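Have a look at the structure first, then work through the points.

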Amino acid sequence: MSKVTHINEDRAPVADDFEVSPATPVERVTVRPKGSAYSSPGGSSGASASHSRHGDVELVGGPAPEEQPPIQTTAQELERKKGGRFAFLKRPQFYVVLLLSQALAVTQTGTNTLTTLLAMAGTSIPAFQSLFNYILLALIYTSITVYKYGFKGWLRMIIKDGWKYFILAFLDVQGNYFTVLAYRYTTILSAQLINFWAIAVVVVISLVFLKVRYHIAQYAGILVACAGLGLLVASDHITGSNGGPALNAVKGDLFALVGATCYGFSNVAEEFLVSKRPMYEVIGQLGFWGMFINGVQAAIFDRSSFRSATWNGQIAGYLVGYTLLLTWFYTAAPIIFRMASAAFFNIGLLTGNFWGVIVGLKIFHLHIHYLYPIAFVLIIGGHFVYYGTEGVLGEAKKPWLGENQEGGDDGLGTARRQLENPNVIV
């Protein structure tokens, strides 16, 4: 991965103080606050922005929700003024999200490298290793959520929507667990090469559940980026540069595949949730539930590994570095989910293989092959092809939020924020 001036009093019958049942079936994401309103079920989709609420459902209790400012331009007007060929590629938003995706790719390489160093030092604790990250996320972002909503409002949000965030956290914890576990049996390069599978999972899930329809250029961009990944595989095969002998490569690659699948599901779920809800709520809930899920998992599966692990100052340094990098990763990722998509997010991470080799030159004594720079150019080129036919707002305009993003949050990185302030970059 995070508020309209006039309240429409035409609403569906109230069931109780905590939620509203709409006259027509509408999927709801979170609870509504006392005093919030909805557009008339029979209202036109082209209703005034002043009658459009911040999301389908708002929070109950806590401080009065901020009113979402009216839009200064519609998506159609923005497209007419700044559209045309390669519209999104001409905007600064594309380069912001491109650079941010590469920053996260480097961050992921850092966490992968530290995981490998921990395994080489005799400390392989897949669940326990990520526990501190969830604790830190919960401390930071749950505290912000409680401050924003009030303690009662936070509890009501958990009662109503906690199960959604529990599923998100469960998928994310399993993604981390199996990915870290993979490094016990396979190499850093081999595990990273499984990342492309997460892209396939994201595309399929987005098509089926979010009804996203990709353009031909987007499929082409994915294929170009994956072709670059194929060159990395070919280079590793030619040089035998795979990060050293693997304990059980097949087992490790299967764990990496399961981890990538869980990441794919969690990425799509997080994109959906963070488009509708404030970032601090989503990240805070991810950390809150992940802390408990990961803690139980560590107590069950990591007890023997914990006792046999090596513990010293160097190991502590690795764990601190891993936690800080991962916390930054989880903080910045929702911005990409808002400005771009889960698919673009995973395409950006493909360059992590290249950055991994750059790191491996010094740390793991790997050798770079001439195909690696070519592969890197192909992967980055795939980013440009992917957005070659996109409009002004790119993928920031989510199809499930309405034409002018009436059902979405107007926080950092959202299309709604750009419609409220056309000059904003992020």
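Let's start with Ser275, which sits in helix H8; helices here (H or I, at least four residues) and strands (E, at least two) are DSSP runs, numbered from the N terminus. Keep in mind that this is a predicted model, where local features need pLDDT of at least 70, side-chain atom pairs count only at pLDDT 80 or more, and totals for chains, interfaces and linings use all residues. Residues are numbered from 1 along each chain as its sequence is written, and side-chain values use heavy atoms, with hydrogens and water left out.

- Is Ser275 buried or exposed? It counts as buried because its relative accessibility is 4%; buried means under 20% relative accessible area, exposed over 50%, and partly exposed in between (1.4 Å probe, protein chains only).
- Skipping residues up to four places away in sequence, Ser275 touches Lys398, Trp400, Leu401, Gly408 and Asp409, where contact means heavy atoms within 4.5 Å.

**The whole chain**
- The protein chain has 15 helices and 0 strands.
- Of its 426 residues, 56% are buried.

**Inside: the cores**
- The largest nonpolar core holds 79 residues, and those with the most contacts inside it are Leu104, Tyr165, Tyr330, Ile336, Phe345, Tyr386 and Tyr387.
- Helix H11 (residues 313–339) is the top contributor to this core, giving 13 residues.
- Apart from that core lies another one of 12 residues, including Ala127 and Phe128.
- A nonpolar core is a set of buried Ala, Val, Leu, Ile, Met, Phe, Trp, Tyr and Cys residues joined through side-chain atoms within 4.5 Å.
- Leaving aside neighbours within four places in sequence, Ile336 is in contact with Val97, Leu100, Ser101, Leu104, Ser341 and Phe345.

**Cysteines**
- How many disulfides turn up in a search of the whole structure? The search finds 0, with a disulfide being a pair of cysteine sulfur atoms within 2.5 Å.
- Cys262 is buried because its relative accessible area is 13%, while Cys226 is partly exposed at 23%.

**Outside: a nonpolar patch**
- Phe196, Trp197, Val250, Leu254 and Leu257 form a nonpolar patch on the surface.
- Leu257 is in helix H8 and counts as partly exposed, at 33% relative accessibility.

Terms used:
Patches are made of residues with over 30% relative accessible area and no salt bridge: like charges are joined within 9 Å, nonpolar side chains (Val, Leu, Ile, Met, Phe, Trp, Tyr) within 5 Å. Accessible areas come from the Shrake-Rupley method with a 1.4 Å probe; for residues, only the protein chains shown count as cover. A salt bridge is a side-chain nitrogen of Lys or Arg within 4 Å of a carboxyl oxygen of Asp or Glu.
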